[in-house]
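Subject: The model, and some notes on it

Hi,

Here is the structure I said I would pass on.

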Amino acid sequence: MRVESLNRDLTLSGLFLFLQPPKTLLMDKQSLGSTIGTTLDRFINDKQGEFPFATGELSQLLRDIALAGKIINREVNKSGLLDIAGAYGATNVQGEEQQKLDVIADIRFTRALKNGGEVCAIISEEEDDLIRLNNNSRYVVAMDPLDGSSNIDVNVSIGTIFSIYRRVTPIGTPVQMEDVLQKGDNQVAAGYILYGSSTMLVYTTGHGVNGFTFEPTLGEFLLSHQNMKCPKDGSIYSINEGSYQSFEPSVKDYLQYCKSENYSARYIGSLVADFHRNLLKGGIYIYPSTEKAPNGKLRLMYECNCLAFIIEQAGGMATDGQRRVMEIEPTELHQRVPLFIGSPDMVNKAHAFRGEEAIVQKN
Ligand code: FDP
């Protein structure tokens, strides 16, 4: 066992200060001082220096999001006990049935961002229109407060996804659509919170990707996955094959190729969970266009762009089958796009079946 990973395990269990490690596993002073186990707050503070002229507003915003994530985590964990599982009785702008926890998560996040004061507008999956907040603030947030709704009631992993943009019009003036409809390349930060077998927050500010595991007894996110990298190639493919008949021929051909290579099919049906697994292990997630949904199902502004920023920072790729997701100019808040995301060699292979040129990895 490497000292580094031992250090991480012990730190996360909160025991390493108290346990006497066996002689063979003694840690040197350098590894004891390692950043593994650093709290999210401290990490955010330390990283603020990477941004010249940083004012601390983005750091505060990231802390607000983490706080909202802790609150949602608490609600999700109680969901079998309280009457907060099941349908809310309304549909969102996409025509999808809202779950009670979807609505609770939306309210919690919106409140945290409003109280935090760093955000001038929010795009949320659960709200038809823009939520306008403080005109004197610099940042726009696009979020899916609780992704994977169909898994809420059955105790399967779900997630929160967020993207942060800097407004382009002057601070102090009313927010305009151009502040909000920015392409993914303009993101200043993006991340997700995965409510899984443990709760994790993963984010990037364009300087690599770091993951933090929630330690419930401390109430803190602790650095557990430093400088995450997506394997260049993989052998997991994730797609809802139930819709196979309505996929375009190139996607069908790629799936046949995956089977001929004995790849593993893994599909949780919660985008964040499927993405997170493939980020760690190597793989591809595809939500292609179908007959029913010619532009795919996933939303550009608060699903695809965010995960595209993270995967590129981790050395992976995200496309709509033709171009980098983050180059797509958005035209509407709830716009959908097909998504091919994951290990670069796998995404390029899927492209080859479309007759598309390989896209050069950004990082
Ligand atoms: P859900 O509708 O349950 O919220 O973004 C929506 C999403 O889930 C993704 O999390 C998930 O990957 C996908 O839709 C599942 O869609 P299918 O049921 O069509 O596979």
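Below is what I found, starting with the ground rules.

This is a predicted model, so to speak of local features I needed pLDDT of at least 70, and side-chain atom pairs count only at pLDDT 80 or more, while totals for chains, interfaces and linings use all residues. Residues are numbered from 1 along each chain as its sequence is written, and side-chain values use heavy atoms, with hydrogens and water left out.

**The annotated site**

An unreviewed UniProt entry carries a "binding site" annotation on Asp147, Gly148, Ser149, Ser150, Asn240, Tyr267 and Lys297. UniProt positions are given in the numbering used here, feature names are shortened, and annotations may be inferred rather than shown by experiment.

Ser149 sits in the loop between strand 5 and strand 6 (helices, H or I, at least four residues, and strands, E, at least two, are DSSP runs numbered from the N terminus). Its relative accessibility is 22%, so Ser149 counts as partly exposed. Buried means under 20% relative accessible area, exposed over 50%, and partly exposed in between (1.4 Å probe, protein chains only). Setting aside neighbours within four places in sequence, Ser149 is in contact with Gln99 and Asp102 (contact means heavy atoms within 4.5 Å).

Asn240 is in the loop between strand 11 (236–238) and helix 7 (249–260). Asn240 is partly exposed too, at 31% relative accessible area. Beyond its neighbours within four places in sequence, Asn240 is in contact with Phe247 and Tyr267, and the latter is also in the annotation. A polar atom of the Asn240 side chain lies 3.0 Å from the backbone nitrogen of Gly242.

**Tyr192**

Leaving out neighbours within four places in sequence, the residues in contact with Tyr192 include Thr160, Phe162, Leu201, Phe275 and His276. The side chains of Tyr192 and His276 are joined by a polar contact of 2.7 Å (a pair of N or O atoms within 3.5 Å; within protein, one must be able to donate a hydrogen and the other to accept it, and residues adjacent in sequence count only if both atoms are side-chain atoms).

**Helix 10**

In helix 10 (344–353), Pro344, Met346, Val347, Asn348, Ala350 and His351 are buried. These buried residues pack against strand 11, helix 7, strand 13 (284–287), strand 14 (317–319) and strand 15 (339–342). Just after helix 10, Gly355 has a positive phi of about 75 degrees.

Cheers
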